[in-house]
Amino acid sequence: MFLRPVGVVLLCLMLCIPEKRGAGVSDELDIRQLARKHGYRLTGYKVTTEDGYQLGLFRIKGRAEPKPVLLVHGILNSADTWLLRGNNSLALALAERGSDVWMPTCRGGPHSRSHAHLQTHSAHYWDFSFHELGVYDLRAVIDAVLSWTGAAKLDAVAHSQGNTVFYALLSTRPEYNAKVDLLVGLAPVAFLGNVRPPLSTLIRYGTVLNELLQKVGVEQMFGEGSWPNALIRAVCSRPRVGHLCVSKYLFPATGADIEELEPEFLATLVDHFPTSTSRKNLHHFSQVGRRGELARYDYGARGNLDRYGSSTPPAYNLSLVSAKVALLVGANDNIATVADVALLGGRLPNVVQHLVLPRARTNHIDLVWGRNMRRYLFPYIFQLLDRYAYDDRRT
């Protein structure tokens, strides 16, 4: 029994070696090529947050300037994730329908590694969790999209952590609910009480892992250009070995579905996943899992008193998330489990649809990378967007 937590610690350390400086320079070119390969032109923008982070934001302009659709990626991902399946990707399927598609990358990821005065090798740069991704990054992106398009509201589709950052923003800054007409949540993460190993093991030992990483000075996780990522790309991109990467390491965390994530796709996937996040962000999620509540980051009793005025961090008040929300979850999802999403659905006041997708094998990553998403997922998304479309699109 002792070997299992030790193995988790060693694996975590292997995957968290900081990046080499200067890595990731060609990331923006990569995402443009992904769109251009399938006949779409991608326009890039820079958005600066209130706390100085400079984010990459990409647009596929729609016909007749319809209401913007914002696609917000999950953890260890970037805007690239919405394009990896080519014409079977959500971004291009929406563009095919004439939607005005916008895709940001959160701070720390490719396209979003600049700051007004901090360097990525600075510990201060990585002092963020999903709270900052919501109240700073997402807020700045929403304001920029609405300003540049002149729209009064936008629709959003978010995957995994992409939903968490919306809940953080909309509960902390409730006035932003008026700017979001509909949020379609794919595999939404807010509660983690029903996850299975290996994630439940990481959650259980999260405090120990976090303290160990702090002691050895690790602030960036899954650094771009690091040797672990290079090893993943070199090994898992090989068809003969790829099935082991999927079956032994990816599927235990996400749920198994080899029909939708064939090993041959890994050569594309590992060029774009995993991407960087912070130690603090992963620790924040582990706190959520242990506490059983979506709450602010726990700095310890003294730190909490200084920041929040109480010895425990306050929970996000999900009753303040008044925007229309749809929840779509896979029955085979080991991260956003059916039970945890049901708990979330009971806390949100304006759920317009809560659906466990009929396809029984659907897992966490099928909702962004499944090769047959057009059949088992996109019809529900399109139906929701059409149902809640509005005529007065301009301010």
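What is the handedness of the link of cysteine 236 and cysteine 245 about the S-S bond? In this predicted model, the link is left-handed, with -85° about that bond. The structure is a prediction in which local features require pLDDT of at least 70 and side-chain atom pairs are counted only at pLDDT 80 or more, whereas totals for chains, interfaces and linings draw on all residues. Residues are numbered from 1 along each chain as its sequence is written, and side-chain values rest on heavy atoms, with hydrogens and water left out.

The disulfide between cysteine 236 and cysteine 245 has an S to S distance of 2.2 Å. Under the criterion applied here (a pair of cysteine sulfur atoms within 2.5 Å), the count is 1 disulfide. Cysteine 236 and cysteine 245 are both buried, where buried denotes under 20% relative accessible area, exposed over 50%, and partly exposed in between (1.4 Å probe, protein chains only).

The largest nonpolar core comprises 112 residues. Such a core is defined as a set of buried Ala, Val, Leu, Ile, Met, Phe, Trp, Tyr and Cys residues joined through side-chain atoms within 4.5 Å. The residues with the most contacts inside this core are Leu70, Leu71, Met103, Ile142, Phe166, Leu377 and Ile381. Helix H4 contributes the largest share of the core, 9 residues; helices (H or I, at least four residues) and strands (E, at least two) are DSSP runs numbered from the N terminus. In soluble globular proteins, nonpolar side chains tend to be buried together. Phenylalanine 166 touches Leu70, Val72, Leu138, Ile142, Ala156, Ala158, Val180 and Leu183, with residues up to four places away in sequence excluded; contact here means heavy atoms within 4.5 Å.

Helix H16 (residues 378-387) has as its buried residues Phe378, Ile381, Phe382, Leu384 and Leu385. These residues lie on the same side of H16, because they cover an arc of only 160° around the axis, the arc being that of the directions from the helix axis to the C-beta atoms. An α-helix has 3.6 residues a turn, so residues three or four places apart point the same way. The packing partners of the buried residues of H16 are helices H3 (90-96) and H15 (373-376), together with strands E6 (154-159), E7 (180-186), E10 (324-329) and E11 (351-356).

Salt bridges, defined as a side-chain nitrogen of Lys or Arg within 4 Å of a carboxyl oxygen of Asp or Glu, number 21. In one of these, arginine 85 pairs with glutamate 262, the closest N and O atoms being 3.0 Å apart. This pair links distant parts of the chain, 177 residues apart: arginine 85 is in the loop between strand E3 (68-72) and H3, and glutamate 262 is in the loop between helix H9 (239-254) and H10. Arginine 85 is buried at a relative accessible area of 13%, and glutamate 262 is buried at 13% relative accessibility.

A salt bridge is also formed by lysine 280 and aspartate 127, with the closest N and O atoms 2.9 Å apart. Lysine 280 belongs to helix H11 (residues 279-291) and aspartate 127 to the loop between E5 and helix H4 (130-149), so the pair ties together parts that are 153 residues apart in sequence. Lysine 280 is buried, with a relative accessible area of 4%, whereas aspartate 127 is partly exposed at 45%. For glutamate 260 and arginine 359, the closest N and O atoms of the salt bridge are 4.0 Å apart. Glutamate 260 occupies the loop between H9 and H10, and arginine 359 the loop between E11 and helix H14 (366-369), 99 residues away. Both glutamate 260 and arginine 359 are buried.

Most residues other than glycine have a negative phi, and most peptide bonds are trans. The bond joining proline 197 and proline 198 is cis, with omega about 5°, and proline 198 lies in the loop between E7 and helix H6 (199-204). A cis peptide bond also runs from phenylalanine 273 to proline 274, with omega near 0°; proline 274 is in the loop between helix H10 (266-269) and strand E9 (277-278). Histidine 111, although not a glycine, has a positive phi of about 80°, and this residue is buried at 8% relative accessible area. Serine 160, likewise not a glycine, has a positive phi of about 55° and is buried at 6%.
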